[in-house]
Amino acid sequence: MFHKEGTPSILLGTTFTAIVLLLTDYLIETNWIKMTIQLATLAFLIIILQFFRNPKRTVILNEKHILSPVDGKVVVIEEVFEKEYFKDKRIQVSIFMSPINVHVTRYGLSGLVKFSKYHPGKFLVAWHPKASEENERTTIVVENDTFGAVLYRQIAGALAKRIVNYAEEGMQVIQGTDAGFIKFGSRVDLFLPLGTPINVVLNQKAIGGKTIIASKA
């Protein structure tokens with residue numbers, strides 16, 4: 001399956017590929033040149049298709065778990081001062097997505113959306129220390145009775161040029177369902193209450209809607 005946000009890119013890529021294949025077949029007589037161009041064009045289409053893939057996943061709902069919102073690698077686990085919404089100390093867990101990861105963003109917990117805001121910004125590489133504050137990003141806060149308020153931030157990277165965010169203030173959201181999409185990027189930060197037991201370690205591979213980031217007994 002492919003994510004709905006990829007429809008324009010997939011249609012454009014498919015049309016472009018079909019035109020190139022037809023033109024090269026008609027205009028180029030040297031076989032190795034023709035094959036090189038055609039294979040490169042097909043590879044380009046495959047890259048687009050794999051980027052927008054949206055695998056179906058069975059999510060086991062559990063109000064005592066915070067699930068990973070994205071596929072990627074855990075690159076940060078530390079206590080920080082969150083200055084946009086909470087204005088106090090939180091545990092930050094950051095997950096970096098490479099270009100080959102699934103880029104669907106999922107709600108890590110069920111609850112009420114208390115805050116949702118888009119910030120225009122730069123396109124620093126996702127692992128840059130200032131990316132969380134200076135890059136294009138969205139900030140979303142979901143609250144429930146188990147964990148209280150949990151903030152997650154979608155952050156664009158050097159290649160990402162559009163962040164899609166479905167969260168709106170006042171919405172009731174369900175754990176594991178689509179929360180948005182980051183086109184060609186890049187990182188998600190979670191900000192959890194101090195004392196929340198963390199279930200992942202640095203450099204661990206996380207799977208969106210599956211990996212338990214944090215839990216409560």
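Biologist: With which side chain does the side chain of His119 make a polar contact?

Modeller: This is a predicted model, in which local features need pLDDT of at least 70 and side-chain atom pairs count only at pLDDT 80 or more, while totals for chains, interfaces and linings use all residues. Residues are numbered from 1 along each chain as its sequence is written, and side-chain values use heavy atoms, with hydrogens and water left out. A polar contact is a pair of N or O atoms within 3.5 Å, where within protein one must be able to donate a hydrogen and the other to accept it, and residues adjacent in sequence count only if both atoms are side-chain atoms. At 2.6 Å, the partner of the His119 side chain is the side chain of Glu84.

Biologist: Is His119 buried or exposed?

Modeller: Buried means under 20% relative accessible area and exposed over 50%, with partly exposed in between (1.4 Å probe, protein chains only). Because the relative accessible area of His119 is 12%, this residue counts as buried.

Biologist: Which residue in β6 is the bridge partner of His119?

Modeller: His119 lies in strand β5, residues 111–119, where strands are DSSP runs of E with at least two residues and helices are runs of H or I with at least four, numbered from the N terminus. Two strands pair if DSSP finds at least two bridges between them, and β5 and β6 pair in the antiparallel sense over 7 bridges. In β6, the bridge partner of His119 is Arg137.

Biologist: Which residue in β9 is the bridge partner of Leu112?

Modeller: Strand β9, residues 172–173, pairs with β5 in the antiparallel sense over 2 bridges. The partner of Leu112 in β9 is Gln172.

Biologist: What separates the C-alpha atoms of Asn135 and Ala156?

Modeller: Asn135 sits in the loop between α3 (131–134) and β6 (137–144), and it is buried, with 0% relative accessibility. Asn135 is also among the residues in contact with His119 (heavy atoms within 4.5 Å) once neighbours within four places in sequence are left aside. Although Asn135 and Ala156 are 21 residues apart along the chain, the separation of their C-alpha atoms is 6.2 Å.

Biologist: What is the phi of Lys87?

Modeller: Lys87 belongs to the loop between β2 (72–82) and β3 (88–96), and it is exposed, with a relative accessible area of 52%. Its phi is positive in a residue other than glycine, with a value near 55 degrees.
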